[in-house]
Amino acid sequence: MFKEINAKELKENFIRLISEEWSLITAGDESGYNMMTASWGFAGEMWGNDAVMAVVRPQRYTMEFIEKSDYFTLSFYGDNKAVHKVCGSMSGRDVNKTELTGLTPVFDGNSVYFKQARLVIICKKQYVQPMEEEFFTDRECLKWYDNRDYHYMIIGKIEKVLYSE
């Protein structure tokens, strides 16, 4: 059972959530969706709203759903890394990640998340832009891009935060 809270009531350290617990970024709807593991991104205030910025490489199947969708979600699973073994290493183009992970999708308006999550952040997409090499002021960061497959930055207004009770 989920309880809705205000984003400002979230007491957890978002840096720890993203970098250590990881999340699933999910986009789509009942007709089709995909999710992927993410361990980069951040949260704060943008354009007068509580917001997150997720980053997704252009070749990821999830990016196709983000481009078509108005919403995306970030969901967190505590110390359970089992879902990330599948969602961080396999493509939804090739396998049914929902079936392999045993996750149960929940369709909430224009978004999808999973019943097993302990924390869900539902975001309305506000801005999408590919990173470009010429704008890296710290060239050391380019070491993450051997194939020049620079992430897309996706900024989303936080519309709802759900905590598992």
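Contact here means heavy atoms within 4.5 Å. On that basis, residues 24 or more positions apart account for 74% of the protein's contacts with a separation of 6 or more. Bear in mind that this is a predicted model, where local features need pLDDT of at least 70, side-chain atom pairs count only at pLDDT 80 or more, and totals for chains, interfaces and linings use all residues. Residues are numbered from 1 along each chain as its sequence is written, and side-chain values use heavy atoms, with hydrogens and water left out.

**Overall layout**

- You'll find 4 helices and 10 strands in the protein; these are DSSP runs numbered from the N terminus, with helices being H or I of at least four residues and strands being E of at least two.
- Starting at the N terminus, the order goes β-α-β-β-β-β-α-β-α-α-β-β-β-β.
- The radius of gyration is 15 Å, which agrees with the value near 15 Å for a compact globule of 165 residues; it is taken over C-alpha atoms, and the globule rule is 2.2 Å times the number of residues to the power 0.38.
- Along the principal axes, the C-alpha atoms fill a box of roughly 45 × 40 × 30 Å.

**Surface and charge**

- The protein has 20 positive and 25 negative charges, and their mean positions are 2 Å apart.
- For that tally, Lys and Arg are positive and Asp and Glu negative, with His and the chain ends not counted; each charge is placed at NZ of Lys, CZ of Arg, CG of Asp or CD of Glu.

**Around N34**

- N34 sits in strand β3 (residues 32-38) and is buried, at a relative accessible area of 4%.
- Its side chain makes a 2.8 Å polar contact with that of T62; such a contact is a pair of N or O atoms within 3.5 Å, where within protein one must be able to donate a hydrogen and the other to accept it, and residues adjacent in sequence count only if both atoms are side-chain atoms.
- Skipping residues up to four places away in sequence, N34 touches I25, T26, A27, Y61, T62, F65, G92 and K97.

**Around I66**

- I66 belongs to helix α2 (residues 61-68) and is buried too, with a relative accessible area of 2%.
- Beyond four places in sequence, the contacts of I66 are I25, A27, V56, K125 and I154.
- K85 is 19 residues from I66 along the chain, and their C-alpha atoms are 22 Å apart.

Key
Buried means under 20% relative accessible area, exposed over 50%, partly exposed in between (1.4 Å probe, protein chains only).
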